[in-house]
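Please read the following walk through the fold with the model open.

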Amino acid sequence: MYNLLKGKRGIIFGALDENSIAWKTAERVFEEGGTFVLTNSPAAMRLGSLQELASKTNSQIIAADVTLVSDLENLIEKAQLILGGKLDFVLHSIGMSVNVRKKNHYIDEDYDFTQKGWDVSALSFHKLMQTLYKKDAMNEWGSIVALSYIAAQRVFPDYNDMADNKAYLESVGRSFGYFFGKDKKVRVNTISQSPTPTRAGNGVKGFEEFISFSEKMAPLGNASAADCADYIITLFSDLTQKVTMQNLFHDGGFSNVGVSQAVLETFSKYNENSSNTR
Ligand SMILES: NC(=O)c1ccc[n+]([C@@H]2O[C@H](COP(=O)([O-])OP(=O)(O)OC[C@H]3O[C@@H](n4cnc5c(N)ncnc54)[C@H](O)[C@@H]3O)[C@@H](O)[C@H]2O)c1
């Protein structure tokens, strides 16, 4: 490995199990010499296997519900004490929609659920950055990254209200990135990641079809959670200090393809079959 994060300290949100993007990222940050505190919601602590990751990476865990500013304040204060100074990197790798969980269609949302999902998936990014900013917890040239999906910008019908949450998240990344850059020399970016088989991903209706479709569309194929972790390392490293306020596509080229040969071929087979049966 390259020691890209030697001496850097951070907080990693959202590692639930070994499939999580945050889990793979924590493993890679550890390999690159970074130290960090792991965090997740108290409910996720009971469900997942975070302790295993903490032992593997010599890190401590502090529970925090990302919707509660008091939890974030406690986490950010304690993390700096544990790690011995201000932070160089923060990963927000969190998403949850109650409407998706309850299988409510986009045109039949329960707005209490919508609000809860927005708070967890989108507003939390603002709450996190506002807390980091007010506590002056980031070192200069630090890096904050959150995860997004292309449904923020183009319609993927079954992504449901998560599409709106991601649009909000990307906007918060730009807006807060301005102030964090100007006042503290800290960069803020979102990564628009390929569909990835994780607990959050598998919750989306038609996920199997999503993932096969984008695999056929993307010239380089889908980016895995491990690929995403590698990309996050570059954004946490000193090699990307002037990259900020961007939504960065990490999707094997999917976002710039109108249609691929592989997808077209599925239609020619369909046409042959349907003309044969006429
Ligand atoms: N999986 C995909 O296809 C895909 C594609 C693009 C972007 N993303 C995004 O990547 C990020 C990580 O998701 P993942 O795919 O690794 O799935 P995941 O299910 O492993 O991670 C989601 C995490 O959010 C945490 N979380 C939920 N509510 C919380 C709360 N109140 N407080 C703190 N944490 C909370 C969960 O405990 C979990 O660890 C999410 O933002 C997701 O939307 C995922």
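A residue is buried if 20 or more other C-beta atoms lie within 10 Å of its own, exposed if 12 or fewer, and partly exposed in between, with C-beta atoms placed from the backbone. By this rule Asp 227 counts as buried, because it has 20 C-beta neighbours inside 10 Å. The model is a predicted one, in which local features need pLDDT of at least 70 and side-chain atom pairs count only at pLDDT 80 or more, while totals for chains, interfaces and linings use all residues. Residue numbers start from 1 along each chain as its sequence is written.

The protein chain has 11 helices and seven strands; these are DSSP runs numbered from the N terminus, helices being H or I with at least four residues and strands E with at least two. Of its 278 residues, 44% count as buried. The radius of gyration of the protein chain is 19 Å, which agrees with the value near 19 Å that a compact globule of 278 residues would have. That radius is taken over C-alpha atoms, and the globule rule is 2.2 Å times the number of residues to the power 0.38. Along the principal axes, the C-alpha atoms fill a box of roughly 75 × 45 × 40 Å. Two residues are in contact if their C-beta atoms, placed from the backbone, lie within 7 Å. Among contacts between residues at least 6 apart in sequence, 73% join residues at least 24 apart.

Asp 227 belongs to helix H10. Helix H10 (residues 225-236) packs against helix H1 (residues 21-31) at an angle of about 50°, with the axes 8 Å apart. Axes here are lines fitted to C-alpha atoms, for helices over the stretch in contact, and angles run from 0 to 180 degrees between N-to-C directions. H1 is therefore oblique to H10, since angles under 35 degrees count as roughly parallel, over 145 as roughly antiparallel, 65 to 115 as roughly perpendicular and the rest as oblique. On the H1 side the contact includes Ile 21, Lys 24 and Arg 28, and on the H10 side Ala 225, Cys 228 and Asp 230 are among the residues involved. By class, this contact of H1 with H10 has eight nonpolar, one polar and three charged residues. Nonpolar covers Ala, Val, Leu, Ile, Met, Phe, Trp, Tyr, Cys and Pro, charged covers Asp, Glu, Lys and Arg, and the others, Gly among them, are polar.

H1 is largely enclosed by the rest of the structure, because eight of its 11 residues are buried. Trp 23 and Ala 26 are among those buried residues. After H1 comes Gly 33, with a positive phi near 95°.

A second pair is formed by helix H4 (residues 69-83) and H6, which pack at an angle of about 45° with their axes 10 Å apart. This makes H4 oblique to H6. Val 69, Leu 72, Glu 73 and Ile 76 in H4 meet Lys 127, Leu 128, Thr 131 and Leu 132 in H6. The contact of H4 with H6 divides into five nonpolar, one polar and two charged residues.

Two loop residues remain. Most residues other than glycine have a negative phi. Lys 103, in the loop between helix H5 (98-101) and helix H6 (111-134), is not a glycine but has a positive phi of about 60°. Lys 103 counts as exposed, because it has 9 C-beta neighbours inside 10 Å. Lys 185 lies in the loop between helix H7 (162-184) and strand S6 (187-193), and its phi is positive, near 55°. With 14 C-beta neighbours inside 10 Å, Lys 185 counts as partly exposed.
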